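Here are my notes on the model, point by point. Please keep the structure open while you read.

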Amino acid sequence: MSDEAVSSERRRLTFADVELGSSIARAARYAGNPYLPETATVVEIIQETPNIKSFRVRFDDEQVQAGFSFQPGQVGQLGVLGIGEATFAINSSPSEKEYLQFSVMQAGEVTIGLHCLSERDKVGVRAPMGRGFPVEEWKGKNLLYVMGGIGSAALRATILYTLEQRAEYQDITILYGARTPVDLTYQYDIDEWEARSDINTVITVDAPFPGWDGRVGFVPAVLEELAPAPANTVAVTCGPPIMIKFVLQALQKLGFADEQVYTTLEKRMKCGIGICGRCNLGPKYVCVDGPVFSLAELRDLPDEL
Amino acid sequence: MKFLARDQLPTLLADLSTAAEVWVPVKQQNGVVQFDRWAPDVDVELDVFLARQSPKENVFPQTETYLEYRYLMVCSAQRPEFTDQTREELRQLVESEGGEVVAEVPPVAQELLLVADVGGGSQGEPGLGSAAGMDDSAQIILGLRPCDARGLSQMDNVFGGYGGFYFDPYYNVRRNNTTIIAVTCRTPRSTCFCRALGGSPAGTEGVDVLMTEIEGGFAVEAVTPKGESLVERSVFEKAQPEVEESAVAAKQAAEAGVNVPFELDGVREGLKAGFDSPVWHDLAMRCISCGTCTYVCPSCYCFNINDEIVEGTGERFRCWDNCFNPMYTLETSGHNPRESKHARFRNRFSHKFWYYPDKYDSLLCSGCGRCIMYCPTHVDIREVLRTMSAETTAEKGEA
Amino acid sequence: MSGAEIARQDRIRELARQALTEGKVDYFIGWKAGHVPSEVIPAFVRNVDECDMLLWNPLCHHNLTTFLKRKMPDPPDARIGVCVKGCDSRTLVALLQETLVDKERLYVVGVPCDGIIDRRRLEKAFSDEVIDIAFQGEQVVVTTRGGETKELAYEELLLEQCASCDFPNPRYYDDLAGELLPQPEGPPRFPGLEEYEALSAEEKDRVLADAFATCIRCFACIHVCPVCYCWDQCVNRSRRPALVGQKVAAKENLMFQMVHMFHVAGRCPSCGACDRSCPVEIPLYLLHRKMNKELFEMLGFQAGLNVEDKPVFQTFNIDDALGEQ
Amino acid sequence: MTDSSGNVKIIAIVCNWCSYAGADGAGTARLKQPYDFRVMRVPCTGRVDPLLALKAFEKGADGVLISGCHPGDCHYSEGNYYARRKFELLKRMLPHLGIEPERYTYTWVSASEAARWQQVVTNFVTKVGELGPRQGGAL
């Protein structure tokens, strides 16, 4: 059944509409049991920073792995039995068919649990969920990625996707900052981006650091310094709330309209499928209506971030 | 229309209970009326106006298990040098028995738990652990009021993936197997406001069969096909013309007993316009931020999902949650988007009369008034809605 | 209503008016009539001209000191005037002992109390809704929505705890509304426990299992409790430590109540607020009142008597003679 | 090993400085001890919330024994003085909660009292063994 066939109708689904017993990874919104995680194996763990690890996981069912597709910006629930599940952005490229990558910062119960996993361990995955970035709409435009700290995880899939489709987009600028050079994630990507002449990569750290000869300065300040022209440009930002706040101010100062600015939100989530109720921003649920929102959309919603 | 003589009620219940589990309001030892399983020695309590809780729990249990799994081995993480070796041994052990390690649970405290579920799910479903059995036995709920039934039908949209969202099989399997026999209200209370929300003490939304108390028994109307087949039973007599007349009179009398304390038009707009209004602080003053209103509500449906491990077996389950619970929105970083009491308070009313209608084309309140009655400080939803409706007018006035 | 009660009500209004006029408080907490005259609810008065809605009668059961605890005042640093009955004042004293409320921002009006009516028991005597309860001397006139009227004796409608109240007068106040009542003599009384105490271990187990199977974990008992103040940090909600399972089942529910009971030990004067707030009417007094009885028999301790006292579990006596082996 | 029914689960909550050392000493001296109890070591009895004992009962323990330093000997000077008030309250409340009082005890065993530890646990385990497993429905 195609996605549009049902979603355009304002009606309830029935058992006849869904694929009984299947997970979201198998049947998307027509999952017979959207609470059912799909078993996956951790194939590789990358220690990104002292407290961030990336997990590359592969569905145990080859058919599911082969058939899995997602939009850049979409998220998934990664879980460990006995501990629980939490929502993370899928940050491997949509064209990557071998594995899904999630980056996890050690912070709460579930993330501590995830950090204790080793390769070959099993996890439960419920994905893909939510709405991704409108990358198709952005074709022919300049892209400006502004991210800080672990915020890079939410944008990595989108960056990789747009770089793969490089010819479809005009100028691409990546501005990425972290507290210290040690806290920079995806060093392997950064090296590659910096080596490419068709992207403008700016890496900054908050304060001088022994051995760091790159740029020093907070992301919003560096952004103002770079002063990208708003014309025909889309700005995409993600990072700690305080950074986002000042980045949005900087973008406004630079003349970006609300419709040109996108961000991806974080909320406490449980079900991930728009039912359990907690991740709402007014009438929108971050898990199904987001996590990607344009600033214009956010302006219409109650301020309960 | 059919007629059921009052003394035939036990016969009907006995008859129904052969095919399904029958739930009726029953006065408990402490005098509180709650829905309970019917058995021949159980007295049905139809005089008390509303059961303490609606039979929401019959389709949406307070605690419901999704997944079950068990642990095969628990070993200490205090000596990490042995961890890899132990894991490997466990794998070999389990694989030689034809099972599969599906997950390894990291140290919660000082222990490393290795989790395994041997064999497939109990229902032969693919995936992790076994999906706990979904309860698909038939049940009949008799004696709830039309507002309770309407509350259930209001929840149907969110669990039914209305508008192209996700379908909840646990809820729907129960809902499909539930037959609702509602009884028209006889003596509505001052807290009732179903009529303000387009309902009625004889409303039929979500009802399969409606019984109206009249002299000597009940006037019985089938509302849905499910109800049609139910009233085919021989215990129901063909109704004489005066039965219908008495039923109409009884319904009218009940209608007259329900106040219309506010205008629904303008509530949604008022909530929207008044989102940042300081009025919320005043309204929330006497709220103590517990969750009583949401748990006695026939249509509040928010829930939480947890994993718990007890003696070698684990479960992932959902349990009711509510927007007054700090853990409801608390993020890992420690940030809570709804930190203050008034923000949590505001969410409940906004959800019922603004967010939910926007998303699911239905109100999320049937006007039963339980939240007014059982709130420890009697926070009055009617007062909140009246006050917020006035917010629009105020805004308009300024504009 | 007796002359004394009218005098108390007048005095409450007068003191509230005075405090607001003088700017001593930002708001004044008392009681007022709810949506029907039989329902009394907490009132938050910010304006002088609203003072006349304040009332006092034997329906004023709410312990208003709940609204003084952490996160309740709005704004957080508000100066608050509050009415307290004898039992309420003891919870206030317990909070003051641990400096959990700021004495400087508080104005306390003590109300001597003849006893509060057990509205729940009264309502169960009628199948129709009780919409008015009026007081005429020793009689209580109850009117239902259907128009039925009944006269009942005030004495017989009292809450169990009020019928044998040891503290009809507030233990702490800045001003008093009305005359002090005679102070009862004799040792403290803990009514309503005998029947349960006489049961065997097995029977008690069954009574508790049945009662707590009905708990819906709404947290009303905890949030309404003036001396249960952890607010967002309640261990009952915590997953680490997982002291209480999140499933709603008899054992977990009793454990949940145990957390409440043991954590308020030494502060709880059995004011009964938890009991009255429970939407499924679990007899919480069985636990809380019993705990206070044991504390009294063990150490002669009663919670919330004097501001200078130390709560029983925050101090010790080297000579405590207890039952260790 | 002594004979004990072996069918009961007992949790012993002991403080690090005295009772754990005492129990350890009993082991080192190869004193005969029952085997059906599990030791939970805490820094001080002052840290022991009575709820830990209740939690043990809730999760299926048949007996709970708490032991710390003798009054006056607390490693942190006064932890056990505070603790014993709480333990006594629990002891008095347990019968009220439908749990037989014999299933719970608190006591003091010093690091040098291996023999006393042996005696304390043997007595306790025997008593609980006689009562058998708990059938509690409430906790």
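1. Start with strand β7 of chain C, residues 149–153, which is hardly covered. The count of buried residues among its five residues is zero. Buried means that 20 or more other C-beta atoms lie within 10 Å of the residue's own; exposed means 12 or fewer, partly exposed is in between, and C-beta atoms are placed from the backbone. Strands (E, at least two residues) and helices (H or I, at least four) are DSSP runs, numbered from the N terminus.

2. Keep in mind that this is a predicted model: local features need pLDDT of at least 70, side-chain atom pairs count only at pLDDT 80 or more, and totals for chains, interfaces and linings use all residues. Residues are numbered from 1 along each chain as its sequence is written, while chains are lettered from A and ligands numbered from 1 in the order in which they are written.

3. Which strand pairs with β7(C)? The partner is β6 of chain C, residues 139–144, in the antiparallel sense over five bridges. Two strands pair if DSSP finds at least two bridges between them. C:A153 in β7(C) stands opposite C:Q139. Four residues lie between the strands of this hairpin, and C:G147 takes a positive phi near 100°.

4. Now look at strand β10 of chain B, residues 209–214. This strand is mostly covered, with five of its six residues buried. β10(B) pairs with β9(B), residues 178–183, in the parallel sense over three bridges. There, B:L210 is the bridge partner of B:A182.

5. β10(B) also pairs with β11(B), residues 217–222, in the antiparallel sense over six bridges. B:E213 has B:F218 as its bridge partner. The hairpin has two residues between the strands, and B:G216 takes a positive phi near 80°.

6. Chain B as a whole has 13 helices and 14 strands. Of its 399 residues, 52% count as buried. Take contacts between residues at least 6 apart in sequence: 70% join residues at least 24 apart. A contact means that two C-beta atoms, placed from the backbone, lie within 7 Å.

7. Check the confidence of chain B. Its pLDDT (the predictor's confidence in each residue, from 0 to 100) averages 84, and 80% of the residues score at least 70. Over residues 73–80 of chain B the pLDDT is below 50; this stretch has 17 contacts in the model beyond near neighbours in sequence.

8. Finally, the chains. Four pairs of chains are in contact, and chains A and B share the most contacts. Chains B and D do not touch; their nearest C-alpha atoms are 8 Å apart.
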